Amino acid sequence: MDLLHRLLSRADVLVSNLAPGAAARLGLAPADLAARHPDLIAVEIDGFGAGGPLSHKRAYDLLVQAESGVCAVTGTADAPAKPGPPVADVTTGLYAALSILAALCGRGRGRPTATPSR
């Protein structure tokens with residue numbers, strides 16, 4: 001943990017995708033990280049959100065696709081089917097990446113350091 005916090009003192013972003021409550025048990029909940037590393041962008045990916053009735057559940061791509069109805073749309077009424085690509089995982093990763101980029105740009109780290117010549 002000491003090594004991790006030394007790395008985080010120089011990092012811009014930490015992305016975690018652990019079982020519900022695991023980051024908090026390690027002292028790596030977003031509030032803990034904000035107190036120790038105020039400039040760090042901490043992204044905690046979880047399937048069902050924090051504090052809701054399903055927040056204790058782990059989320060896997062196929063489970064999310066089934067519960068959201070994607071499998072029913074992809075298959076037939078008699079035989080729901082999983083889409084080929086891991087849709088939930090891919091979109092989660094894309095939204096996380098876009099959110100991180102927005103946060104970095106919002107604090108000025110996404111701006112060019114030099115003015116381009118015309």
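Visitor: Which helix gives the most to the lining of the second largest pocket?
Guide: In this predicted model, helix H2, which covers residues 22-25, gives the most to the lining of the second largest pocket, contributing three residues.

Visitor: What volume does that second largest pocket have, and which residues lie nearest its centre?
Guide: The second largest pocket has a volume of about 200 Å³, and among its 18 lining residues the ones nearest the centre are Ala19, Pro20, Gly21, Glu44 and Asp46.

Visitor: And by class, what is in that lining?
Guide: Sorted by class, the lining of the second largest pocket holds ten nonpolar, six polar and two charged residues.

Visitor: OK, how much space lies in the largest pocket?
Guide: The largest pocket holds about 380 Å³ of space, and it is lined by 17 residues, of which Asn17, Ile45, Asp46, Gly47 and Ala59 are the closest to its centre.

Visitor: Which elements give two or more residues to that lining?
Guide: Those elements are H4 and H6, and H6 gives the most to the lining of the largest pocket, with four residues.

Visitor: What about the classes there?
Guide: The lining of the largest pocket has eight nonpolar, four polar and five charged residues.

Visitor: Back to the helices, then: how do the axes of H4 and H6 cross?
Guide: The axes of helix H4, residues 61-68, and helix H6, residues 87-106, come within 7 Å and cross at roughly 100 degrees. Because angles from 65 to 115 degrees count as roughly perpendicular, H4 is roughly perpendicular to H6.

Visitor: Which residues meet there?
Guide: From H4, Asp61, Val64 and Gln65 meet Val87, Ala88 and Asp89 of H6, and by class this contact has three nonpolar, one polar and two charged residues.

Visitor: New topic: where is confidence lowest and where is it highest?
Guide: In the chain, confidence is lowest in helix H5, residues 70-74, with a mean pLDDT of 85, and highest in helix H1, residues 2-8, at 97. The chain as a whole averages a pLDDT of 87, and 92% of the residues score at least 70.

Key:
Residues are numbered from 1 along each chain as its sequence is written. This is a predicted model: local features need pLDDT of at least 70, side-chain atom pairs count only at pLDDT 80 or more; totals for chains, interfaces and linings use all residues. Side-chain values use heavy atoms; hydrogens and water are left out. Axes are lines fitted to C-alpha atoms, for helices over the stretch in contact, and angles run from 0 to 180 degrees between N-to-C directions. Angles under 35 degrees count as roughly parallel, over 145 as roughly antiparallel, 65 to 115 as roughly perpendicular and the rest as oblique. Contact means heavy atoms within 4.5 Å. Ala, Val, Leu, Ile, Met, Phe, Trp, Tyr, Cys and Pro count as nonpolar, Asp, Glu, Lys and Arg as charged, and the others, Gly among them, as polar. On a 1 Å grid over the protein atoms alone, a cavity is a set of points where a 1.4 Å probe fits but cannot get out, and a pocket is an open set with protein on both sides within 12 Å along at least five of seven lines; lining residues have an atom within 4 Å of a point. Grid points are joined across faces, edges and corners, and a volume is the space filled by probe spheres set on the points. pLDDT is the predictor's confidence in each residue, from 0 to 100.
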